[in-house]
Amino acid sequence: MAAEAGLLERLARRVDDYRLTLRLGEKGRVAAVGDGIAWVYGLPSAAVDEILHFGDGSRGLVFELQKERLGVILLDPAANVSSGSLVSHTGERLEIGIGDALLGRVIDPLGKPLDGLTPPEPDGFCALEAPSPAIVARDFVNRPLYTGIKVVDTLIPIGRGQRQLVIGDSGTGKTSLCVDTVVAQAGQGVKCVYVMVGQKRSEAAMVIDLLRRHGALAYTTLVVGEATATPGMKYLAPFAGCAVAEGWMQRGEDTLVIYDDLTTHARAYRELSLLMHRPPGREAYPGDIFYLHARLLERSTRLGPEHGGGSLTALPVVETEEGEIAAYIPTNLISITDGQIYLDRRLFAAGVLPAVDVPLSVSRIGGKAQHPRVKEEAGRMKLDYLQFLELEIFTRFGTKLEAGTEAKIRRGRLLREILKQERLSPMAAAFQLAWMIAFNEGLLDACEPQTLPDTLQKILAGLEREPLLLDAVREEWLARLRNWLGVTP
């Protein structure tokens with residue numbers, strides 16, 4: 001009864017406040033339509049990124065402003081829009097639902113389900129296009145994001161809030177590295193968003209199946225802009241994934257978003273821009289292609305405690321051709337991000353998996369987020385490895401080397417074997433520290449490549465029986481390692 005009385009009171013107030021006045025509005029019409037876009041005239045006050053309503057009830061997004069007409073992205077592929085259709089303003093911006101209801105779901109860039117289930121019920125909305133957090137709202141990147149991959153966590157560490165590029169030729173394992181990273185977030189308190197841009201349905205189904213079999217869908221949302229989607233949908237996919245992750249970050253949670261991949265995204269943006277008659281620049285990309293990815297990746301950060309303390313870590317993926325990292329889009333993204341993980345085709349062909357080229361890979365701020373003990377051991381090990389890679393070149397000429405040089409080369413080859421890792425087998429941070437101490441102290445020098453897996457398994461089994469914290473003193477680690485490996489001091 002109280003609710004009905006309140007409703008009647010509000011209705012009566014609205015009737016009393018109503019005034020008969022002249023209301024002016026704009027109505028436009030469609031001039032042409034095709035290839036997922038429409039040209040509209042008659043709406044002079046329309047703004048970029050505003051949603052328009054067509055006469056059949058479908059929606060469009062203003063993308064291009066010209067003197068006499070608007071370029072509009074059609075948001076409903078099955079829309080019955082034709083030349084002469086009426087178009088009206090809404091004054092609204094494109095938003096997507098956010099919240100835990102999206103975990104385990106596969107959605108399109110507009111938030112519609114692609115997994116055959118009922119539409120998710122979000123507990124809020126976030127704009128696809130939003131300004132990046134202000135500088136004063138940001139904090140230093142000082143907490144690690146563990147990928148579970150030995151070569152990455154030790155030599156190319158990633159911090160929560162960092163933007164780390166994954167770059168390499170097609171078929172070198174970029175997607176595999178990203179999927180392994182998502183699987184490794186189990187129990188880490190990190191919610192993941194995996195964005196697929198222009199992927200074939202079979203590839204998307206394979207990734208979804210892998211995540212489901214390893215229990216990663218429980219904390220992951222997938223945003224898919226399929227290969228058969230219009231250029232407009234592919235263009236919106238990364239922004240939709242970023243908005244979903246931002247929703248959790250603004251609530252003080254740690255998130256990881258993977259953009260797989262931004263090369264396809266750039267091509268979709270180029271296609272869309274050419275359809276809108278924008279002047280082409282280098283390689284036919286529009287002049288604002290750098291700004292496209294800069295405004296997307298700048299939204300990745302770690303917020304200060306007074307703003308919730310959440311973080312958004314980004315792993316954008318970019319594809320190279322014949323290892324050419326100096327191409328247009330790769331160099332753009334290298335300059336935007338905080339480092340890159342470079343996957344080399346030659347290493348992949350040689351069976352060094354993951355095929356990470358350590359000399360060409362770098363993490364500019366991840367080292368500040370690394371645990372001090374891990375950072376100390378990794379620094380010693382990386383120096384040895386880089387020296388080995390330089391020395392190994394001379395062995396190709398059959399040059400006779402002195403004993404000290406041969407020992408360094410043997411240790412380097414041993415380390416390369418250690419850094420090899422099977423897919424979907426994430427390693428805990430304590431195990432990473434354990435094997436690094438064992439290597440740096442020479443406890444593994446007597447191992448042969450064929451016996452190395454068994455030796456590492458002894459360390460792993462020992463840690464499961466007698467867990468040690470990363471902060472434990474080094475002498476205690478050494479004593480335990482000698483005991484597990486049966487090595488006398």
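**Cavities, pockets and buried residues**

Guide: The whole structure holds 3 cavities of 30 Å³ or more. The model is predicted: local features need pLDDT of at least 70 and side-chain atom pairs count only at pLDDT 80 or more, whereas totals for chains, interfaces and linings use all residues. Residues are numbered from 1 along each chain as its sequence is written, and side-chain values use heavy atoms, with hydrogens and water left out.

Visitor: What makes a space a cavity, and what makes it a pocket?

Guide: Both are found on a 1 Å grid over the protein atoms alone; a cavity is a set of points where a 1.4 Å probe fits but cannot get out, while a pocket is an open set with protein on both sides within 12 Å along at least five of seven lines. A residue belongs to the lining if it has an atom within 4 Å of a point. Grid points are joined across faces, edges and corners, and the volume is the space filled by probe spheres set on the points. Rolling a probe the size of a water molecule over the atoms shows where empty space is left.

Visitor: Which residues line the largest cavity?

Guide: The lining consists of V151, V352, L353, P354, V356, V358, Y385, R416, L419 and K420, around a space of about 80 Å³. Ala, Val, Leu, Ile, Met, Phe, Trp, Tyr, Cys and Pro count as nonpolar, Asp, Glu, Lys and Arg as charged, and the others, Gly among them, as polar. On that basis the lining of the largest cavity has 8 nonpolar, no polar and 2 charged residues.

Visitor: How is the lining of the second largest cavity divided by class?

Guide: Its residues are 6 nonpolar, 2 polar and 1 charged. This second largest cavity, of about 50 Å³, is lined by P144, L145, Y146, D153, P157, I158, G366, A369 and Q370.

Visitor: Which residues lie nearest the centre of the largest pocket?

Guide: They are L347, D357, L389, R396 and R416, out of 18 lining residues. The elements giving two or more residues to this lining are α9 (345-349), α10 (372-395) and α11 (403-419). Such helices (H or I, at least four residues) and strands (E, at least two) are DSSP runs, numbered from the N terminus. Helix α10 gives the most to the lining of the largest pocket, with 4 residues. The volume of the largest pocket is about 520 Å³, and its lining has 10 nonpolar, no polar and 8 charged residues.

Visitor: How many residues of each class line the second largest pocket?

Guide: There are 9 nonpolar, 10 polar and 8 charged residues. The second largest pocket has a volume of about 440 Å³, and T175, Q199, E203, D260 and D261 lie nearest its centre.

Visitor: Why is the pair Y385 and F388 called tilted?

Guide: Rings of Phe, Tyr and Trp (its six-membered ring) pair if their centres lie within 6.5 Å; planes under 30 degrees apart count as stacked, over 60 as edge-to-face and the rest as tilted. The count by this rule is 6 aromatic pairs. For Y385 and F388 the centres are 5.8 Å apart and the planes form an angle of 35°, hence a tilted pair. Both residues lie in helix α10, 3 residues apart, about one turn of the helix.

Visitor: Why are Y385 and F388 called buried?

Guide: Buried means under 20% relative accessible area, exposed over 50%, and partly exposed in between (1.4 Å probe, protein chains only). Y385 has 7% relative accessibility, so it counts as buried. F388, at 0%, is therefore buried as well.

Visitor: Why is helix α8 described as largely enclosed?

Guide: Of its 9 residues (328-336), 7 are buried, so the rest of the structure largely encloses α8. The buried residues are Y328, I329, P330, N332, L333, I334 and I336.

Visitor: Is E306 buried or exposed?

Guide: E306 has a relative accessible area of 57%, so it is exposed. E306 is in the loop between α7 and β14.

Visitor: What makes the link between S58 and D56 a polar contact?

Guide: A polar contact is a pair of N or O atoms within 3.5 Å; within protein, one must be able to donate a hydrogen and the other to accept it, and residues adjacent in sequence count only if both atoms are side-chain atoms. The side chains of S58 and D56 are joined at 2.6 Å, which is within that limit. S58 lies in the loop between β3 (50-54) and β4 (59-65), and at 5% relative accessibility it counts as buried.
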